[in-house]
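Please keep the sequence and the model in view while reading.

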Amino acid sequence: MDFDLSKPQKLLKDSARGFLGRECKPERVRELMETDTAHDDKLWQSIADQGWTGLVVPEEHGGLGLGLVELAAVSEEMGRACLPGAFLSTLTAASLIERAGSVAQRAKYLEPIATGELKATVAFLEESASWDVDSIKFKAIQGGGKFQLSGTKLFVSDAEVSDLLICVARSGKDGLALLPVERGAEGLSVTPTSSMDGTRKLCAVGFDNVTVAEADVFGADGDARGALKGALEVGIVALCAEMVGGMQWVLDTTVEYAKTRRQFGRVIGSFQAVQHQCADMLLLTESARSATYYAAWALTEGDPSASAAVSIAKAYCSDAYREVGNRGVQVHGGIGFTWEHDLQLYYKRSKSSETLFGDATFHRERIARLIVDAEK
Amino acid sequence: MDLNLTANEQQFRDEFRAWLKINTPEEWKGSTSAEDRHEYIEYLRDWQRNLYEGGWAGISWPKEYGGRGVTLMEQAIFQEELARANAPQLIGTIGLALVGPTIIATGTEEQKSRYLPKILSGEEIWCQGFSEPNAGSDLAALGTKGIRDGDDFIVSGQKTWTSFAQMADWCLLLVRTDAEAPRHKGLTCLLADMRSEGVSVRPLRQMSGDSGFNEVFFSKVRVPASQVLGEVNKGWTTAITALMNERAHVGTGAQVVFKRNLEALIARSRTIERNGRPASEDPIVRQKLAQAYLELEILRLNTKRALTSLSKTGTPGPEGSTQKLYWSEMNQRTQQIAQEILGPYAQLKDFDNGLWEYAYLRARGNTIEAGTSEIQRNIIAERVLGLPKSY
C-alpha cells in the first residue's frame with residue numbers, strides 16, 4: 001500500500017506549480033476577477049497547451065487519458081494559484097459528454113475541448129439552488145423530432161464564455177434529458193450575476209423556446225442519471241483538490257506572516273494562541289488532502305467506496321476550507337481583512353467552493369443514505 | 001499512489017487472520033476489579049504467551065531479537081486484525097511497543113539478551129515511569145532523584161499516571177542524576193525492578209471507574225548502575241525515542257474499536273425513537289452520524305498517509321502529533337454525538353452494558369494522555385511548521 005503521489009505524479013504537480021506561478025500571479029487573478037467573465041483567451045490557450053483541458057479526456061479524442069489522481073494533483077495547484085475561469089466547468093461538461101455522448105458526439109466535442117477551442121458548462125441549478133437531481137423542475141417538452149426548452153437556470157458557472165451549455169432537464173414522466181445548446185442558439189440569453197467570488201462567474205441562463213433536435217440529446221438511449229452522477233463526481237474531486245490547494249496557500253501564507261510580524265517585541269508565531277491556530281489549520285488541510293486523494297483514487301479504481309468517498313471529501317473540504325480561511329484572516333489581523341491582501345481572494349473562493357456541487361450538509365445527507373439507510 | 005494491499009501485505013493479513021480465528025480466546029467475562037485482578041492478569045499473560053509461541057509477538061522487532069522485522073504497513077494490519085477479532089488487550093504493550101524498541105536502539109548486549117525474550121513472551125510486564133505530579137507536559141521538570149552510591153543508584157521520588165504498574169515486573173524509569181546540570185542534561189533512564197525494596201504502587205481510580213493507571217512511590221530504592229539504559233545523564237534522548245514510539249503507536253488499534261462503536265450507534269439509532277419515528281430518520285441525527293462517520297474515515301486515511309511517509313523516512317516523527325490530536329478530539333466529538341442521540345439511555349450502566357456511559361467518560365482522558373492536545377499543537381507548530389519555541 002502506498003498513499004503518496006508517484007514520481008510522475010509529483011513531476012506533473014511540480015510543473016503545474018511552476019507554470020501557474022509564472023502565468024497566473026495574484027495580480028493577474030485580480031485583473032480577471034474585475035472582468036465580467038474572469039476569462040483570458042491567452043491563459044486558456046496556454047492551459048490547453050499544457051494538456052490540462054484534455055487531462056482526463058481519452059487519448060482517442062486527443063486527450064492525455066490520465067486518471068483522477070493526476071487531475072487532483074493539477075487541480076490542487078490551480079486552487080493554490082486561485083486560477084480564474086472555466087476549467088472546472090469545462091471539465092465537468094467534458095466528463096458528462098464522455099459518459100453520455102454517442103460516439104459521434106464524443107468525437108465532435110471532446111477533441112476541441114482537449115485542444116482548448118471549446119469551453120463548456122453544465123446548467124443544473126434552478127430557483128431551489130438544490131444539487132439534488134430530483135429537485136429539477138425545468139421541463140424539456142418533446143415533440144416533432146425535437147425538444148423545446150423554456151425557463152431559467154441559475155448559478156451556471158462560466159456560461160458567458162461557454163461555447164456549449166448542457167442543460168439538465170426533466171423529460172417525460174420521470175426521465176432526465178441532457179440537452180446540448182450551443183452559444184448563440186435562438187432564444188438563449190445569458191446574464192452575469194454579480195457574486196462574492198469574482199474568480200468564478202455565475203450566470204442566469206434564460207431559455208425562450210430554445211429547440212434541440214432529438215438526435216442531438218445526450219444519453220437518449222442510456223443512463224442519463226448515472227452519467228450525470230459520474231460527471232459531477234469528477235467535478236467534485238477536482239473542486240476538492242482545488243480547495244486543498246487553496247488551504248495550503250492560506251496555511252503557508254499565514255505561517256510565513258506569523259514568523260515575521262512582531263508585537264510585544266517578538267514574532268507573533270511564538271505565541272501559543274497563534275501557534276495553535278496554525279496547528280489546527282495544518283490538521284484541517286492535511287485531512288482534506290487525505291480525503292480528496294482517496295476519493296480520486298477510489299473513483300479511478302471503481303472502488304465500491306467511491307461515492308461515499310466523494311461525499312466525504314466534499315463535506316470535509318467545504319467545512320475545512322472555510323475554517324482555514326477564518327483562522328488565516330484572524331492570525332493576520334487587520335491586514336487580513338483588507339482588499340489589498342490576497343487572502344480575500346481565497347476567503348471568497350472558499351465560500352463559492354463550499355456551495356458548488358452541494359455543501360457539507362448536502363453531502364452529509366448523501367453519506368447518511370449510504371451508511372444509515374443501508375440494511376445490515 | 002496505490003491503496004490496495006500488496007501481495008505480501010495480503011498474505012500477511014490472511015495468515016494472521018487465520019491464526020486469530022483459531023487462537024483468539026473467549027472474551028473475559030469475569031471481573032477486572034482489584035480483588036480479582038490476579039485471574040484476569042493470568043488470562044492476559046496466557047494470551048500473550050500464545051501470541052509469542054505462534055510467532056506473533058513483537059513482530060516489528062528485527063528478526064535477530066525474536067521479531068519478524070515486518071513493515072510498518074504490516075504492523076498496522078496486525079493491529080487492525082487484533083481489533084477486528086475482538087482480541088484481548090496486550091498486557092505487555094508497553095514492553096512491546098515502547099521499552100523493547102528503546103532497548104534495541106540503546107541497550108547493551110547483556111540488556112538485550114536479558115530482557116527482550118521475556119518482553120516478547122509476556123513473562124515480564126513493563127511499565128513506564130516518566131510523568132510525575134509536578135512534571136506532566138513539562139516532563140523535563142521531573143524531580144525523582146537517582147543518587148550514585150558505589151555500584152548503585154539510590155532512587156527516591158514519585159511517578160504518576162503509570163499504566164500497568166499494578167502488574168508490572170519492571171519499569172523504564174526516568175530520574176534526575178545530576179541536579180546541577182541544565183534540566184535536559186541531568187536525566188538518566190534506568191531499568192528498575194518493581195519488586196525492589198522501597199517500591200510501592202497505589203492504583204488511581206479514573207472518573208470512568210476503572211483503574212488503568214497508578215501512582216508509584218520510590219523510597220531509597222537501589223538500582224544497580226548496570227541497569228542504566230543508554231548513558232548516564234543522556235536519558236532525555238532515550239525518553240524521546242520512547243515517546244515518539246508511543247505516539248506513533250497509539251491510534252491504529254483504536255480505530256477498529258471506534259468503528260465498532262460507531263456501527264453500534266448507527267444500529268441503535270434505528271431502534272431508538274425521536275418524535276415518534278426511528279432516530280435514524282431524523283435529519284439532525286443523520287447529519288451527526290454522517291459527520292462522525294466521515295471523521296473516522298478520514299482518520300483511517302490520514303493513518304495510511306502517515307504510515308506511507310513513515311515507511312519512507314524510517315523513524316517516527318512529529319507526524320505522530322497530528323494523528324494523536326485528530327483521533328483524541330474526534331473520539332470526544334463522536335461520544336458526545338452518541339450521548340445526544342441516545343439521551344439519558346447513554347448514561348445508564350446497564351444499557352448496552354454501560355458502553356456509552358463508559359466510552360463518553362473514557363474519551364475525556366484522550367486529549368490528556370500520551371501528551372495533551374496543547375502539547376501536540378506546540379509540537380506541530382514548532383517541528384512541522386517551523387514556528388519559534390514558545391516556552
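**Helix 8 of chain A**

Helix 8 of chain A is mostly covered, with 25 of its 30 residues buried. The model is a predicted one. From first C-alpha to last, helix 8 of chain A reaches 43 Å, close to the 44 Å expected at 1.5 Å a residue. A:Gly302 follows helix 8 of chain A and has a positive phi, near 65°.

**Packing against helix 7 of chain A**

Helix 8 of chain A (residues 272-301) packs with helix 7 of chain A (residues 224-260) at an angle of about 160°, and their axes are 9 Å apart. Angles over 145 degrees count as roughly antiparallel, so helix 7 and helix 8 of chain A are roughly antiparallel to each other. Their crossing is left-handed.

On the side of helix 7 of chain A, the contact residues include A:Glu233, A:Val237, A:Cys240, A:Val244, A:Met247 and A:Leu251. Helix 8 of chain A contributes, among them, A:Cys278, A:Met281, A:Thr285, A:Arg289 and A:Leu299. By class, this contact has 18 nonpolar, 4 polar and 2 charged residues.

**Contact between chains A and B**

The contact takes 40 residues from chain A and 38 residues from chain B. On the chain B side, the elements giving two or more residues are helix 7 (252-271), helix 8 (283-313), helix 9 (319-342) and helix 11 (373-384) of chain B. Helix 8 of chain B gives the most to this side, with 14 residues.

The residues on the side of chain B that touches chain A divide into 20 nonpolar, 11 polar and 7 charged.

Key: Residues numbered from 1 in each chain as written. Chains lettered and ligands numbered in written order. Predicted model: local features only at pLDDT ≥ 70, side-chain atom pairs only at ≥ 80, totals over all residues. Axes fitted to C-alpha atoms, helices over the stretch in contact; angles between N-to-C directions. Helix = DSSP H or I, 4+ residues; strand = E, 2+ residues; numbered from the N terminus. Parallel < 35°, antiparallel > 145°, perpendicular 65-115°, else oblique. Left-handed = near helix turned anticlockwise from the far one by under 90°. Contact = placed C-beta atoms within 7 Å. Nonpolar A, V, L, I, M, F, W, Y, C, P; charged D, E, K, R; others polar. Expected span 1.5 Å × (residues − 1). Buried ≥ 20, exposed ≤ 12 C-beta atoms within 10 Å, placed from the backbone.
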